[in-house]
2 protein chains.
Amino acid sequence: MTMRGWILVLGLIPATLQAQEAAKDGPPVPLPSNVRGSAFPAMGPERRLRFRLKAPEARLVEVRCKGSLWGGKPFPLTKDKDGVWIGTSEPAEPGFYYYELIVDGVPMNDPGSRTYFGWGRETSGLDIPDKLYDFCEIRPVPHGEVRARTYESKITGTPRRAFIYTPPDYDRDSSRRYPVLYLQHGSGESERSWSEQGRAQVILDNLIAERQAEEMIVVMEQGYATKAGAAPAVNARGNEAFEELVVNDLIPMIDATYRTKPDRDSRAIAGLSMGGGQAIRIGLGHPDLFASVAALSGGAAGRSAGASLPEGLAKAVEEPAAFNARMRLLWIGCGLQDGGYARTKDAHEALEKAGVTHMWFDTAGGHEWGVWRKSLHDLAPRLFRTK
Amino acid sequence: MTMRGWILVLGLIPATLQAQEAAKDGPPVPLPSNVRGSAFPAMGPERRLRFRLKAPEARLVEVRCKGSLWGGKPFPLTKDKDGVWIGTSEPAEPGFYYYELIVDGVPMNDPGSRTYFGWGRETSGLDIPDKLYDFCEIRPVPHGEVRARTYESKITGTPRRAFIYTPPDYDRDSSRRYPVLYLQHGSGESERSWSEQGRAQVILDNLIAERQAEEMIVVMEQGYATKAGAAPAVNARGNEAFEELVVNDLIPMIDATYRTKPDRDSRAIAGLSMGGGQAIRIGLGHPDLFASVAALSGGAAGRSAGASLPEGLAKAVEEPAAFNARMRLLWIGCGLQDGGYARTKDAHEALEKAGVTHMWFDTAGGHEWGVWRKSLHDLAPRLFRTK
């Protein structure tokens with residue numbers, strides 16, 4: 001079928017899904033994670049990805065997914081007579097993955113890809129569409145906004161930036177107030193991650209249009225903080241300074257700036273991986289502030305098999321009736337191929353055995369954004385509704 | 001002086017200027033354009049920049065500014081016994097520059113730098129602070145927001161994303177309406193560029209806090225568009241589809257969604273380089289829509305020395321009285337070291353000779369973001385005020 005034919009046939013399918021459909025028997029099509037106008041990486045039949053890099057002087061160019069694709073092992077490209085390295089991958093599971101090119105042993109970004117903040121730096125990404133993920137395709141529904149807001153933190157003594165999703169109708173009725181979800185990224189990521197890798201605003205827009213989720217504000221901050229005057233901690237995981245920042249700076253700023261429902265029943269905290277630990281620590285540690293807590297692929301389990309639960313969950317197991325009466329929602333999820341799956345399932349079973357009411361969500365996938373997109377899609381409809 | 005001493009002394013100076021001050025005789029300090037926690041690139045005495053890359057197998061690692069620094073010529077780093085390449089540049093002029101590392105002939109991003117969309121891809125940046133640019137340092141003043149908004153374009157048949165600056169008080173008084181500046185990036189850049197490379201929201205926040213500029217909405221879109229059904233034009237400069245998109249999709253969406261003053265006197269269009277051409281073409285081509293037009297380092301001059309002016313300005317020269325009566329502001333600026341400076345000055349002189357009222361702004365610098373930050377700082381206070 002000609003390119004024009006494909007455009008006509010696919011006119012009613014969201015843009016990024018067209019890639020999936022067209023690639024089934026057409027020529028490879030660029031990924032939605034590519035920069036404007038870049039033909040590579042491209043997806044062909046069987047979801048095999050084609051890569052390209054011009055590097056005439058290089059001795060070896062490899063592609064490595066910094067995640068589960070192709071077993072996380074690099075595979076080599078082949079140099080043609082013009083010094084262009086090209087090659088095709090094994091089939092790829094749909095979802096979102098970080099990756100890099102390795103040129104003579106030096107990892108680098110693929111100039112054909114947009115960059116996503118992950119692994120503590122700007123990293124190339126493979127956003128591989130599929131009908132399985134159609135809930136995070138942009139559709140012609142009313143759209144909310146993602147607002148970048150600068151505010152001064154007393155805890156860190158610096159300006160900080162939060163990304164705030166406001167639902168489609170936010171500016172239409174200036175008397176209405178909304179519940180708030182605080183949504184945290186994982187280790188090595190940033191306040192941009194949930195809107196870029198996670199497409200949180202698209203997932204929410206679609207759920208709200210379908211009346212599957214309550215209209216809500218979503219606050220996405222950077223889960224790293226160093227107290228004013230202290231030596232910077234480069235990678236302080238789920239640390240005390242961030243907890244103080246959320247409680248003393250972020251929540252008061254959000255409640256003063258946006259039309260929130262500023263009560264615990266209307267406030268939730270969720271996070272993935274390191275952010276799941278922050279959600280458990282901050283959410284369960286401040287029951288006056290949060291009635292709903294969600295840990296996505298992290299934070300709910302002990303650090304090793306058989307280890308005790310984190311403090312907030314250990315308390316819940318001790319006093320399940322009080323915990324159940326206090327909480328509106330405790331949500332725990334993990335990908336079936338996640339290295340932490342067994343430990344997280346142990347935690348779920350310990351909670352279940354003790355009679356701690358909670359939602360358990362497991363789904364195909366590793367420690368990756370495909371799972372977190374699916375997790376938010378499952379979690380959001382359960383928030384802020386009648387118990 | 002100790003690190004702690006520096007922190008005490010510098011407590012009252014905006015964070016990124018501390019780098020400048022500390023580096024005068026202290027150890028090199030990281031640039032504000034670095035990723036979180038990266039010590040390199042770092043600025044030392046005389047604003048010399050220090051770079052670092054681990055690449056044990058590489059034969060040659062160079063640093064190249066994709067702009068005016070160091071004459072645009074690459075300079076080599078030196079490998080130490082651990083395979084780490086390191087080196088210090090010649091002194092650098094303050095401002096913002098794109099750059100790359102070249103490893104055995106292959107250009108790559110510096111993993112220590114954030115990426116900025118330029119040169120048609122995600123590119124490393126050097127944001128070199130100085131008191132000269134203190135107008136674009138984040139200060140403890142009321143902050144506006146930069147809102148990412150998705151909308152459907154009938155012209156392109158796709159969803160598009162616009163970045164919209166709303167001034168600090170926008171959400172406080174829901175009856176108030178604001179004038180709108182449409183602000184375009186240059187070739188190879190994107191809707192993100194004015195907020196990231198340009199710090200437009202910081203410049204506006206500061207000017208509004210000092211009552212130097214009117215409160216305004218600023219709309220930043222991507223200056224590339226391909227008509228629905230047409231073959232994509234990768235690098236269509238200032239093209240017809242983008243003009244149609246602005247007139248038929250973008251302005252109606254903005255006026256329907258935000259509390260704008262939807263009249264020509266309250267609407268301006270400005271752009272840099274390629275975006276300057278778009279501002280002249282769209283702004284002067286639609287006098288029913290725009291009463292103020294600004295061309296930053298591009299768009300006002302003919303394509304070569306002695307060439308005729310672009311259509312909108314040629315008409316102005318023919319009918320200066322009518323043009324002067326119609327326009328609230330025509331603003332033309334260029335960096336003194338810009339390759340297009342002589343041609344742009346020719347245009348300015350032709351306008352002056354014909355009696356076309358306009359503002360002429362020249363300032364030290366090349367075809368670069370330092371000049372465009374200074375340009376916006378000069379332009380914004382002149383907009384939407386009594387003639």
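Which residue in β7(A) does A:Thr78 stand opposite? The exercises below work up to this and go on to other parts of the structure.

The model is predicted: local features need pLDDT of at least 70, side-chain atom pairs count only at pLDDT 80 or more, and totals for chains, interfaces and linings use all residues. Residues are numbered from 1 along each chain as its sequence is written, chains are lettered from A and ligands numbered from 1 in the order in which they are written, and side-chain values use heavy atoms, with hydrogens and water left out.

**Exercise 1. Trace the open sheet of chain A and find the partner of A:Thr78.**

Step 1. Helices (H or I, at least four residues) and strands (E, at least two) are DSSP runs, numbered from the N terminus. Two strands pair if DSSP finds at least two bridges between them.

Step 2. The five strands of the open sheet follow the order β1-β2-β3-β7-β6, with antiparallel pairing. Its edge strands, each pairing on one side only, are β1 (29–30) and β6 (78–79) of chain A.

Step 3. Begin at β1(A). Two bridges link it in the antiparallel sense to β2 (residues 42–43) of chain A, and A:Val29 stands opposite A:Met43.

Step 4. Go on to β3 (residues 48–54) and β7 (residues 84–91) of chain A, an antiparallel pair with six bridges. Here A:Arg52 has A:Ile86 as its bridge partner.

Step 5. Finish at β6(A), which runs antiparallel to β7(A) and is joined to it by two bridges.

**Exercise 2. Describe the crossing of α4(A) and α10(A).**

Step 1. Two packed helices are described by the angle between their axes and the distance between the axes. Axes are lines fitted to C-alpha atoms, for helices over the stretch in contact, and angles run from 0 to 180 degrees between N-to-C directions.

Step 2. The axes of α4 (residues 200–209) and α10 (residues 369–379) of chain A come within 10 Å and cross at roughly 30 degrees.

Step 3. On the α4(A) side, the contact (heavy atoms within 4.5 Å) is made by A:Ala200, A:Ile203, A:Leu204 and A:Leu207; on the α10(A) side, by A:Arg373, A:Leu376 and A:His377.

**Exercise 3. State whether β4(B) is enclosed or open, and name its partners.**

Step 1. Buried means under 20% relative accessible area, exposed over 50%, and partly exposed in between (1.4 Å probe, protein chains only).

Step 2. Strand β4 (residues 61–65) of chain B has four of its five residues buried, so it is largely enclosed by the rest of the structure.

Step 3. Five bridges join β4(B) to the antiparallel strand β8 (residues 95–103) of chain B, where B:Arg64 stands opposite B:Glu100.

Step 4. Two bridges join β4(B) to β5 (residues 75–76) of chain B, also antiparallel. In this pair B:Val63 stands opposite B:Phe75.
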